[in-house]
There are 2 protein chains.
Amino acid sequence: MSQVVYGCLMSVDRDQVLRRAAAQLTRKGSSTMDEVARAARISRATLHRHFAGRDALIRALEELGIQECEAAMGAARLGEDSAQDALRRLIREIEPAAGLLAFLVTENQLFEGDAQHEGWARLDVRIAELFRRGQESGEFRIDLSAAWLTEALYGLVGSGAWAVLDGRVAAKDISYMIAELLIGGAQRRVES
Amino acid sequence: MSQVVYGCLMSVDRDQVLRRAAAQLTRKGSSTMDEVARAARISRATLHRHFAGRDALIRALEELGIQECEAAMGAARLGEDSAQDALRRLIREIEPAAGLLAFLVTENQLFEGDAQHEGWARLDVRIAELFRRGQESGEFRIDLSAAWLTEALYGLVGSGAWAVLDGRVAAKDISYMIAELLIGGAQRRVES
DNA sequence: ACCACTTGAGACATTTTCGTCTCAAGAGAG
DNA sequence: CTCTCTTGAGACGAAAATGTCTCAAGTGGT
């Protein structure tokens with residue numbers, strides 16, 4: 001046996017599968033289970049052995065995305081230094097998960113029926129808190145609400161991932177581009 | 001008879017149908033034709049009478065979105081005044097189409113197979129031109145490429161539409177929020 | 001060599017969605 | 001009223017996707 005997951009013997013690298021699935025679904029949100037399986041380089045049967053169905057796969061991706069975001073936020077030490085620098089760190093840390101994020105954001109569009117994962121709310125709160133800290137310290141302007149800045153962060157990270165996939169922006173530049181645009185827009189300026 | 005479209009007698013308001021369809025698809029990108037029809041308040045049969053199939057519907061929505069964008073760009077008079085003011089006008093004009101845009105952007109994700117509609121390229125060029133004009137006049141910073149600022153505009157407009165749908169930002173504020181964030185981020189600052 | 005376990009391939013029934021069709025009801029013009 | 005045209009409702013088969021199952025092959029440990 002090679003790996004034990006949830007008390008079940010498993011060999012394929014679950015994380016690897018999830019990542020490849022995320023990449024495929026980012027590229028084409030309506031991918032078939034068959035397409036996802038092929039992108040993950042496993043058979044459809046194996047894919048079903050790991051995830052009970054499409055819903056379970058999406059939920060696992062959601063879980064992964066939330067985990068990556070929380071890890072990024074931990075690594076970024078949002079409470080330290082200036083809000084500006086913390087935001088810069090957050091964007092740099094969150095960038096590897098940008099593709100997954102972009103997919104999840106579009107997938108989450110209006111969670112009709114069941115409630116959305118509480119994890120998203122937790123993330124929103126922490127990010128909004130960062131912006132609010134910047135507003136209270138005078139770094140950020142107060143006429144752009146923290147809620148909007150939070151949304152804008154998600155949007156720009158998603159756009160960035162998409163721009164990189166499309167080859168419109170170099171991967172090495174995207175983190176800087178996002179940070180500069182967001183910080184420049186959020187920053188309180190002394191000149192008119 | 002009430003309306004003549006493409007030499008065929010039609011009564012339902014095609015534009016209205018497209019708008020409702022766009023709203024539904026923005027809310028849930030994987031809506032079935034039945035859900036779209038119900039959202040458009042017509043029967044599935046009638047929906048099929050107007051659009052040969054799902055692809056035709058999407059393509060019609062794409063056409064509508066491009067038209068609205070071009071109309072918005074015309075109304076915004078991108079070449080006049082400062083680039084900043086032109087951008088502000090563009091955002092204000094494009095805002096009514098934001099929901100449709102948000103859907104089309106996600107739908108367009110990597111056009112595997114056939115080439116994307118040339119209209120998008122035309123729009124991109126015009127928007128990028130505006131940003132470039134701002135850069136050349138010294139209004140906008142040059143370390144954020146015009147291509148990225150264009151992507152960011154799409155992303156922020158989409159995020160804005162989504163934030164409004166979700167009730168996180170008031171509809172009356174969103175145009176200002178987008179413009180201020182984008183212009184503030186793009187603006188060249190004299191202070192450090 | 002033996003055994004436990006996992007994988008890929010494919011068959012299979014089921015479900016969902018699609019596209020087409022028919023027909024009765026209703027609206028509007030002449 | 002009468003005629004024409006459009007619509008909604010539903011039936012229908014075709015196509016696609018899903019979920020389940022079986023079985024041969026392969027892997028790795030003992």
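Let me start with the surface through which the two copies meet: of the interface residues of chain A, 100% are also interface residues in chain B, so the copies meet through the same surface, where contact means heavy atoms within 4.5 Å. Please keep in mind that this is a predicted model, in which local features need pLDDT of at least 70 and side-chain atom pairs count only at pLDDT 80 or more, while totals for chains, interfaces and linings use all residues. Residues are numbered from 1 along each chain as its sequence is written, chains are lettered from A and ligands numbered from 1 in the order in which they are written, and side-chain values use heavy atoms, with hydrogens and water left out.

The contact draws 41 residues from chain A and 42 residues from chain B. About 3800 Å² is buried between chain A and chain B, with carbon and sulfur atoms giving 60% of that area; buried area here is the accessible area, for a 1.4 Å probe, that two parts lose on being put together, summed over both.

Turning to charges, a salt bridge is a side-chain nitrogen of Lys or Arg within 4 Å of a carboxyl oxygen of Asp or Glu. By this rule there are 32 salt bridges over all chains, and between chain A and chain B the count is four. Within chain B, B:Glu68 forms a salt bridge with B:Arg19, the closest N and O atoms being 2.8 Å apart. B:Glu68 lies in helix H4 of chain B and B:Arg19 in helix H1 (residues 14-27) of chain B, so the pair ties together parts that are 49 residues apart in sequence; helices are DSSP runs of H or I with at least four residues, numbered from the N terminus.

Finally, two backbone details in loops. A:Asp81, in the loop between H4 and helix H5 (83-94) of chain A, has a phi near 55°, a positive value in a residue other than glycine. B:Arg77, in the loop between helix H4 (54-76) and helix H5 (83-94) of chain B, has a positive phi of about 45° although it is not a glycine.
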